[in-house]
Amino acid sequence: MLFKRAYAKINLTLDVLGRRDDGYHEVDMVMQSIDLSDLVWLDRRPAGEVTIESTSAAIPVDDRNLAVQAAQRFFEHTGTAAGVHIQLEKHIPIAAGLAGGSSDAAAVLRGLNELFGTGMSLDELAEIGARIGSDVPFCMYGGTAIARGRGERLTRIPYLLPMFAVLIHPRLFVSTAEVYQGLRPDDFTGNPASAAMVRCLAEEDVQGVAPLVRNALQRVTFDMYPELRALAEKVEAVTHHPVHMSGSGPTLFCLAVTSGQAQRMYNALRGIMKDVYICRFVGGEEAVGQTATE
């Protein structure tokens, strides 16, 4: 049996450039891995057998699950005459804008590559992952990256700041498709924030990161879900720090430059919310390097 961690992500920037001819939207965003993670175990099974079990009753345990789709595509692509049983211990909130399902899929692809010795590079695995979901290629590498296109075209960023994110996850379902449909032409930009964010990371300017965080989807999500806007205002009043949204939501986060600052935010927020997490930024080597066998 082989073990992998599947790390969540947050968006440091998310700009939408416009609507594409294929119906998707062109995005430009800086994505960052954080150490909130699902735990994934892979166990060999006979050829054609792909099964999954999860600690969460809220996710499907059939081929609707991205982890199952990842295994199926791996065996189709490699022609490996084998199967796998996936055990999934969920810690990343579901449908939260944190890429939990995509990260699980990426962990399965990396793990199967090791378990069956197929020797594919991360680039090759990311190509398989792109056919499963737009966030899977980023989750394949982890760390920090600019993601463009639908999110699958990556420019990896070698800078990792020792920063923390305090996540606030309201128990609210947000439809990503409906959020994108709610975008207006004035939500689009030709001047994405990724270049300025990357300069800030390169200069190791931890104080300069938070003012550059922006998310073009936040207006739409807050308009669609006024209770989320109200929560963001409450979080800002409690923490005295800017509040940001990851992906299409509903997860909110505040950035902290020290663990002590993050702990103080956490302590204050636990008085008003149950699902609060302290996370640190994670680099690519750590994101892909967690492996154990038994």
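**Close-up 1. Glycine 97 in its loop.** With a relative accessible area of 17%, glycine 97 is buried (buried means under 20% relative accessible area, exposed over 50%, partly exposed in between, using a 1.4 Å probe and protein chains only). This glycine sits in the loop between S4 and H2; helices (H or I, at least four residues) and strands (E, at least two) are DSSP runs, numbered from the N terminus. Skip the neighbours within four places in sequence, and glycine 97 is in contact with Lys9, Asn11, Ser246, Gly247 and Gly249 (contact means heavy atoms within 4.5 Å). A word on what you're looking at: this is a predicted model, where local features need pLDDT of at least 70 and side-chain atom pairs count only at pLDDT 80 or more, while totals for chains, interfaces and linings use all residues. Residues are numbered from 1 along each chain as its sequence is written, and side-chain values use heavy atoms, with hydrogens and water left out.

**Close-up 2. Alanine 95 in the loop between strand S4 (83–89) and helix H2 (100–115).** Alanine 95 counts as partly exposed, because its relative accessibility is 40%. Apart from neighbours within four places in sequence, alanine 95 is in contact with Phe173, Gly249 and Pro250. In the unreviewed UniProt entry, the "binding site" annotation covers a set of residues including Ala95 and Gly97; such annotations may be inferred rather than shown by experiment.

**Close-up 3. Aspartate 187 and its arginine partner.** Look for aspartate 187 in the loop between helix H5 (176–181) and helix H6 (194–202). Its relative accessibility is 14%, so aspartate 187 counts as buried. The aspartate 187 side chain makes a polar contact with the side chain of arginine 219 at 2.6 Å (a pair of N or O atoms within 3.5 Å; within protein, one must be able to donate a hydrogen and the other to accept it, and residues adjacent in sequence count only if both atoms are side-chain atoms). Not counting residues up to four places away in sequence, aspartate 187 also touches Val16, Gly182, Ala216 and Val220, among others.

Close-up 4. The buried residues of H9 are Leu228, Leu231, Ala232, Val235 and Thr239. Seen down the helix axis, they fall within an arc of 100°, so they line one face of H9 (the arc is that of the directions from the axis to the C-beta atoms). Their cover includes strand S7 (164–168), helix H8 (218–224) and helix H10 (259–269). Turned away from that buried side are the exposed residues Pro226, Glu233 and Ala237.
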